[in-house]
Amino acid sequence: MDYGIQFTSSRKFLTISPIVLYILASFYTKYDATHFLVNTGSLLSVLLPKLPLFHGVRIFGINRY
């Protein structure tokens with residue numbers, strides 16, 4: 001995406017939108033512990049691959065070829 005250039009407008013949007021959804025979901029579930037843990041896991045699984053540290057890294061060899 002964006003030829004590997006970090007922090008373009010589309011990458012910023014795709015980073016901010018899950019965070020906003022996470023905050024809204026946490027608020028509307030009244031910070032229930034079960035939902036909070038599921039939402040936190042989902043947020044981390046979406047945001048961590050977007051970090052520059054993980055550019056080009058393949059988890060468990062998925063899409064290696």
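## The largest pocket

A pocket, as the word is used here, is an open set of grid points with protein on both sides within 12 Å along at least five of seven lines. In this predicted model, the largest pocket holds about 540 Å³ of space. Its lining is made up of 20 residues, and those closest to the centre of the pocket are Leu48, Pro49, Lys50, Leu51 and Phe54.

Sorted by class, the residues that line the largest pocket comprise 12 nonpolar, four polar and four charged ones. Helix H1, which covers residues 9-28, gives the most to this lining, contributing four residues.

## How H1 and H2 pack

Helix H1 also packs with helix H2, which spans residues 33-47, at an angle of about 180°, and the axes of the two helices are 10 Å apart. Since angles over 145 degrees count as roughly antiparallel, H1 and H2 are therefore roughly antiparallel to each other.

On the side of H1, the contact is made by Thr15, Pro18, Ile19, Tyr22, Ala25 and Ser26, while H2 brings Phe36, Asn39, Thr40, Leu43, Val46 and Leu47. Taken by class, the residues of this contact divide into eight nonpolar and four polar, with no charged residue.

## Aromatic pairs

The count of aromatic pairs in the model comes to two. One of them is formed by Tyr22 and Phe36, a tilted pair with 6.1 Å from centre to centre and 45° between the planes. Tyr22 lies in helix H1 and Phe36 in helix H2, so this pair ties together parts that are 14 residues apart in sequence.

Key
Residues numbered from 1 in each chain as written. Predicted model: local features only at pLDDT ≥ 70, side-chain atom pairs only at ≥ 80, totals over all residues. Heavy atoms only, no water. 1 Å grid on protein atoms, 1.4 Å probe; cavity = no way out; pocket = protein on both sides within 12 Å on 5 of 7 lines; lining within 4 Å. Points joined across faces, edges and corners; volume = space filled by probe spheres on them. Nonpolar A, V, L, I, M, F, W, Y, C, P; charged D, E, K, R; others polar. Axes fitted to C-alpha atoms, helices over the stretch in contact; angles between N-to-C directions. Parallel < 35°, antiparallel > 145°, perpendicular 65-115°, else oblique. Contact = heavy atoms within 4.5 Å. Phe/Tyr/Trp six-rings, centres within 6.5 Å; stacked < 30°, edge-to-face > 60°.
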